Amino acid sequence: MSVSVNLPLNSRGKLASSLPAEQLAEITELFENRLEGHSLDAPFYTDPAIFKIDMHAIFGQHWIFAASVAELPEPGDYVTVDYGPYSLIVLRNDEGGVNVLHNVCRHRGARVLTESTGSTGNLVCGYHSWTYSPEGNLIHASAPGETKFDKSCFGLKRAHGREYAGLIFVCMADEPPADFEETAKIFEPYLAPHDLPKTKVAYQQNIIEEANWKLVMENNRECYHCDGHPELACSLFPTWGLTEGLVPAHLEEVWDRNTQAQAALEKRCQRYGIPYEVFEELDTRVAGIRISRESLDGDGESFSPDGHRLSKKLLGDLRDFRLGRCSMHLQPNSWFHFLSDHVVTFAVFPINEHQTLVRTTWLVADDAVEGDDYDLEKLTHTWKQTNLQDKAFVELCQAGANSPVYEPGPYMKSEYQVEAFINWYVQRVQEHLA
Amino acid sequence: MSVSVNLPLNSRGKLASSLPAEQLAEITELFENRLEGHSLDAPFYTDPAIFKIDMHAIFGQHWIFAASVAELPEPGDYVTVDYGPYSLIVLRNDEGGVNVLHNVCRHRGARVLTESTGSTGNLVCGYHSWTYSPEGNLIHASAPGETKFDKSCFGLKRAHGREYAGLIFVCMADEPPADFEETAKIFEPYLAPHDLPKTKVAYQQNIIEEANWKLVMENNRECYHCDGHPELACSLFPTWGLTEGLVPAHLEEVWDRNTQAQAALEKRCQRYGIPYEVFEELDTRVAGIRISRESLDGDGESFSPDGHRLSKKLLGDLRDFRLGRCSMHLQPNSWFHFLSDHVVTFAVFPINEHQTLVRTTWLVADDAVEGDDYDLEKLTHTWKQTNLQDKAFVELCQAGANSPVYEPGPYMKSEYQVEAFINWYVQRVQEHLA
Amino acid sequence: MSVSVNLPLNSRGKLASSLPAEQLAEITELFENRLEGHSLDAPFYTDPAIFKIDMHAIFGQHWIFAASVAELPEPGDYVTVDYGPYSLIVLRNDEGGVNVLHNVCRHRGARVLTESTGSTGNLVCGYHSWTYSPEGNLIHASAPGETKFDKSCFGLKRAHGREYAGLIFVCMADEPPADFEETAKIFEPYLAPHDLPKTKVAYQQNIIEEANWKLVMENNRECYHCDGHPELACSLFPTWGLTEGLVPAHLEEVWDRNTQAQAALEKRCQRYGIPYEVFEELDTRVAGIRISRESLDGDGESFSPDGHRLSKKLLGDLRDFRLGRCSMHLQPNSWFHFLSDHVVTFAVFPINEHQTLVRTTWLVADDAVEGDDYDLEKLTHTWKQTNLQDKAFVELCQAGANSPVYEPGPYMKSEYQVEAFINWYVQRVQEHLA
């Protein structure tokens, strides 16, 4: 009477990860009955069973942004990242590649690494000292008298890891989606000038938002709410996402300024041979992406009150501060701003159906000196404030989704990228459940 | 295999608000097997599915006390009240009436008003500035380029609001119970002399009790436990709820004092033309009520250690402090004490199956001056202490209901009003489920 | 479609304590499919339904260690102990026996005793003063006018209590397992020399571990992880649980020291007539037990850095400090160390599927004087540190069990007592469900 959702990773723990057939049928119907052009039905934001499906069908099957190269530059450096019930170790190996290992000891199930970041040689579980190589092979376990114990059967379970242009992605699926490499080829030329391997972490912020991860993503995909971001609106044109004819009266002046700044930016990019065109396939491919280079207001350099640079050191081989921001959105859990003086990465890690960790990381040139080249408070001010404002917004939506009178509302034209995210989500889950 | 409980307000979010047919059948059986004269079976106090039913069948279908006039005297004044997953805006409109609106923006579901009390003109959602009139009509939403967007379809969902004798009630049902107006006609003459529209809020206390809302209500409906309220017993005769022949030995002296005081009070009421008779239909009508005027001990004026007045200003046109208390109980969530010098209102707002907000509000004459006419500490002392004692009592009961060995215990004769509350509750839910 | 697990104690609260038939079938299958020699499948550590079964089939049906005589020496002394949703009063009666009563008032279900320890005459519920004799009989309830109220029907529900060698056990089953008395006869001669009735509580520590109770027990049943207990390893040989041929290289020297110390200890025990042999029937009887007397390192006297005594007063009639530790393990929830100078008892009280209370009690001779005969900090240091280390270990395992990729891992030979605990657990539940 109960069938498992397809969960190749765990053949035993059925009760924990399967859903009763009836419940699965109800959820499948909810997906089918989805009202296009509208936000999702309440259970998508509140139901633990749908969260479980999200973890398997989205986070368990797709390439997920985990960290940037600056977080694990040297062999042995690692970060641990958690998605719902999963915990992964992302480790720089001796060949400069990235190993991704499930952080679950094969003996008694203990977390092997307990810090969120660090550096290690072999991986030693703190409970009974089972010791794994950086590749996850069990290389030592005290087992005197054991005649049938075959260490080769007890390596840490592995997932896939890839690095492109200094961004590290992981995938827990047996067969990761094939089109991710294509997507990487699209974004690499945009990112290359910023030379992420020559950056360092200036600051990392982890905030827990009391909302479903999809509300966090929806909020990121539109600037219809940008009146609520006064600090951000100083530099990021709040007309983002609008097109000719969709500009509200109070933003017309901003629109004109943006148009002029964009034209100047594009001319500058042409001069330097830096790509700037919009590439957008948010829901028309598995590895959904939007990327473009967009002008900033004021001095056009960075996320400051007057648009002026926040770090004196240019990234990579860039020769001009006035390069606006290269903005990238990746499905399902990340977005990025690549500026001439710094980079901000955002990674969304679902905790449960109503809590989400948002990790924001500020990167500067690896030779930039705090205090001399940049002021940490000023560097991080705009996005710290913006994140707090966004946290408040999505938490108000979560409260609303809990109400029995909530019903899906219409997305506006300027929210078409929110709709693209939802379309992508619905397609991806439906394909997985099929 | 799964049927919805009748939920007219939400045609889409089925998974969140419906119960599987089997579970509904089990719960229906629990209602049918209820042991009369006894407390309810454990699941009524512990089961989240029954809480969901309570929210729909009781709080979703009946008139609920929300606030008194002193909390929103002027046009634009509002309070927000939450029952379980519901959030309502209760707003004084320009005509002096009360608008009740679901606090869920029709765009993306955000809470529109985020404060528990305040004053506003139009209602502006903080997320995307959708703007609603005080009647809930969507009067502004930036929607450039939208050709099919009909604002008239996206007003805030409305509920019903009524004000009687200065008390404000809300009802979320499509068709509110018809007999509430009758009940209001019963209580209005009792309350009129206290003239609530000429009071102000002296203090409001919100406490969260770790217990099911029905345990909170049961506790209020009897004074069998009044030995546990030493401060209250100074002025409120702990023989409350007893009748001739049910008085235990240790209360006989109190009973005699009460009898004499009651006779004197009734004479005084007759002189002033103030009603005092007991009217009691707690489980024989949908809008269940008990009201009467009852003497107080000591000076007979107020809830103080010696029964003496706590505010020097008489309410309304009253000309005598020695008028005891007009006591009113309304199903399902409120009780009141109307005294000559102040009023105390109690509203019970369920949070979930094991947590309940109890809101206590002290009202004094609007021209009474704190410090001169009343001492806030003294005014609130008795019920603050009593509330804490009651919180401890109901939390002990919740712990007991969690035990697998708990079984319904017998109500004593002096607890007949507890039984009336439970009878009312069971009848109302059964009628709704039928 | 829904059947109850056999729950003789509660004939009414079905919804709270039964499981749907399908779910029960799935769980039964999980028990049947258990991989021998391996840790359990994830749901055993994470699923609330299996926790409910554990409470009924294990804690509801077996003799459970509750307290030692020093915690309730005098008539009227009591402790309250909670297992999951159960709360029990364990009370010393006037005859010197132990009464065990469910801590749920038969009137409205309130907890009767609200302190974890104390002394009382009759038991008076604080809510409505229903008064019970120490045997649980209702001896007073104010009930004027009640004609049908029969006090004899409303005594506190009783459970069974027994005391052996100063240890108090409770059992909630109608018919407690018959072999417990046999088990008591086995351990009494080992404990008698320590004369628990002549001890006092020096300190009691309650810590909550964020892990399923079975992970807490598993952790206790092996010393494979004892490298993680530096303080303990000073006196308790970390070769515990090993046998000839299973000793890892780095412990060979310790093993030799242990062998010599054990031989000397046994000679000493023979001289004094104190039993020391290993008796082990951990999964071959209902009242599973392991008991033995084992040498300690260093001076061989106590749990100190050099093995030297921690209290100057010998327990009972002992005449020698160098008696190592008598170690006892009882299924399902306790372990003990009886030393010549003090005793440490450990009781595990499950809270829910992912939280467990561990209560550790240090007993010294009743005439030992703190400051003179023992230093409290030194007395408790080793096990306080060890408990914290163990808490960290089991919490890492709980996190792992939550991961969908967790799968049961192999127990090593030195973990055979862990396996015995799990075997016992599986057998006991399967028998109950059958």
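Student: How many salt bridges does the rule find across the interface of chain C and chain B?
Tutor: Five salt bridges turn up across the interface of chain C and chain B. Bear in mind that this is a predicted model.

Student: Okay, can you show me one? Which side chain does Arg106(C) meet in a salt bridge?
Tutor: Arg106(C) pairs with the side chain of Glu407(B), at 3.3 Å from N to O.

Student: And polar contacts, how many residue pairs there?
Tutor: Between chain C and chain B the rule gives twelve residue pairs in polar contact, with both residues of a pair at pLDDT 80 or more.

Student: Which helix gives the largest share of the side of chain C that touches chain B?
Tutor: That would be helix α1 of chain C, residues 14–17, which supplies three residues.

Student: How much area do chain C and chain B bury between them?
Tutor: About 3,400 Å², and 59% of that is on carbon and sulfur atoms. The contact involves 34 residues of chain C and 42 residues of chain B.

Student: Switching to chain A now. Where are its domains?
Tutor: Domain 1 of chain A runs over 63–176, and domain 2 over 185–433. Their C-alpha centres are 30 Å apart.

Student: How many residues does each domain put into the contact?
Tutor: Domain 1 of chain A contributes 18 residues and domain 2 of chain A contributes 26.

Student: What about the area buried between those two domains?
Tutor: Together they bury about 1,500 Å², with 69% of it on carbon and sulfur atoms.

Student: Which three residues of domain 1 supply more of its buried area than any other three?
Tutor: Phe65(A), Ala165(A) and Leu167(A), which account for 33% of the area that domain 1 of chain A buries against domain 2 of chain A.

Student: How many salt bridges between the domains, then?
Tutor: Zero by the rule, across the interface of domain 1 and domain 2 of chain A. For polar contacts, the rule finds three residue pairs there, both residues at pLDDT 80 or more.

Student: Nice. Which strands of domain 1 each bring at least two residues to that side?
Tutor: In chain A they are β3 (64–68), β4 (77–83) and β12 (167–171).

Student: Last one: how do the residues on that side of domain 1 divide?
Tutor: Where domain 1 of chain A touches domain 2 of chain A, there are twelve nonpolar, four polar and two charged residues.

Conventions
Residues numbered from 1 in each chain as written. Chains lettered and ligands numbered in written order. Predicted model: local features only at pLDDT ≥ 70, side-chain atom pairs only at ≥ 80, totals over all residues. Heavy atoms only, no water. Domains from an automatic or database assignment. Contact = heavy atoms within 4.5 Å. Buried area = accessible area lost by both parts, 1.4 Å probe. Salt bridge = Lys/Arg side-chain N within 4 Å of Asp/Glu carboxyl O. Polar contact = N/O pair within 3.5 Å; in protein donor to acceptor, adjacent residues only side chain to side chain. Helix = DSSP H or I, 4+ residues; strand = E, 2+ residues; numbered from the N terminus. Nonpolar A, V, L, I, M, F, W, Y, C, P; charged D, E, K, R; others polar.
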